[in-house]
Amino acid sequence: MKLYWFSEMPHHVFDEGEDLKYPAMRLEMPNTYFDRDVAAMNYHHYFDEHVLADEVGFDGLMINEHHSTPSCSDVSIMMSAAILARTTKRAKIALMGNILPIQDNPVMVAEQIAMADLISGGRIISGFVRGIGVETWWANANPVHNRERFEEAHDLIIKCWTEPGPFRWEGKHYHFRHVNPWCLPIQKPHPPIWVPGTASPETALWAGRKGYTYVPFLVPLPIARELFDYYRQGAAEAGREVTPDSFGFLLCAVAADTTEKAREAGRNFQWRMGPTTRGPVEYFAPTGMRSRAGQRMALRTRPPNMIDMTYDDLIEHDMIVAGTPEYLVERFEHFRKELGIGHLLLQGHESRMDAPTTWRSIELIGQKVIPALAIT
């Protein structure tokens, strides 16, 4: 099972409770709280974490993007991909991912991913996402067209990578008289494609039909199993083989030299589980963005509500894994056996977790966890 390092690059600079003055942290919290000096320092710190993860043996480095929120200051996944392509040497760079429904020019997305793949020497994993409702609001996009735009943008990008130009594209949502990208990925026919998910049966089915790696984010194991079953159904319809490489899983994890230190550090993940997800339902799932099946599954994705869960509850439900390297090995093996996954993505930094704690966690996972998993 391969391990991937991930940080949402948070910008948690305000006093506790300040976000409660507003309907939601995302979209609503004024950017007057933004600290330019801290942000400038943090970007260097966050990219240094990724470089260290590459050096100690992580199989991959995951990045994502969000907007109008202090919970994630990575606002350009392609800019981060370019930086990591140049500053790291061996780990895969997993873009999780480009938010296709809010893109007005998928051809440019195809070119940018190709450029990062070339710079990295063929290390890009291209994740495509529908995005959460916050990004739909941010981009002033119509949520009703979210899935249609996602699938059409995907089809156009794949054609850019696999069919010679120039050609014309006349779809429902995208129209290009002349498509002829002079930047193609080094990986043939294209970089591996991954699809994250949390609650959409349709997305899992679609990923299975396409044969893409499917990765649920921060969901209970029963929900992950159910989504994987939808994936298998889609794969069977298309006559595709399903292997551990077909599945990944993301969770929050931190290692320390003692259980006490790890559990103290792990408390920072409560910010990810609670305050950053607080807000009106329509901010995260605008009307028309989810099918009825997706709405029903979303209601079961995080029972009980993560905002109301205690830290001990989050540990017990394996939403947070915090302990010594030996404990992490035991829990990670549990996930592998229970879910049949070939990829485990670790959100290893959050909130105000300090640099020494984060670096020590990365080092311990590299020194003790990765080698242990390699021989099991």
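**Salt bridges in the model**

Reply: Glu148 has a relative accessible area of 35%, and because this value falls between the limits of 20% and 50%, the residue is classed as partly exposed. The model in which this residue is seen is a predicted one.

The partner of Glu148 is Lys172, and the side chains of the two residues meet in a salt bridge with an N to O distance of 3.1 Å. This pair links distant parts of the chain, 24 residues apart: Glu148 belongs to helix α5 (residues 146-162), whereas Lys172 is found in the loop between β5 (167-170) and β6 (175-179). Lys172 counts as exposed, at 58% relative accessibility.

Side chains of opposite charge can pair when their charged atoms come close.

In one of them, Asp257 forms a salt bridge with Arg360, and their closest N and O atoms are 2.7 Å apart. Asp257 is in the loop between β9 (248-255) and α8 (259-266), while Arg360 is in helix α14 (residues 355-374); the pair therefore ties together parts that lie 103 residues apart in sequence. Asp257 is partly exposed, with a relative accessible area of 42%. Arg360 also counts as partly exposed, at 29% relative accessibility. Which residues are linked with Arg360 in a network of salt bridges? They are Asp257 and Glu363, so that the network, by the salt-bridge criterion, joins Asp257, Arg360 and Glu363.

The other example is the salt bridge between Glu18 and Lys21, whose closest N and O atoms are 3.0 Å apart. Are its two partners buried or exposed? Glu18 is buried, because its relative accessible area of 17% is under the 20% limit. Lys21, by contrast, is exposed, because its value of 55% is over 50%.

To draw the examples together: Glu148 pairs with Lys172, Asp257 pairs with Arg360, and Glu18 pairs with Lys21. The link from Glu148 to Lys172 runs from a helix to a loop, and the link from Asp257 to Arg360 runs from a loop to a helix.

Key. Residues numbered from 1 in each chain as written. Predicted model: local features only at pLDDT ≥ 70, side-chain atom pairs only at ≥ 80, totals over all residues. Heavy atoms only, no water. Salt bridge = Lys/Arg side-chain N within 4 Å of Asp/Glu carboxyl O. Buried < 20%, exposed > 50% of the residue type's maximum accessible area, 1.4 Å probe, protein only. Helix = DSSP H or I, 4+ residues; strand = E, 2+ residues; numbered from the N terminus.
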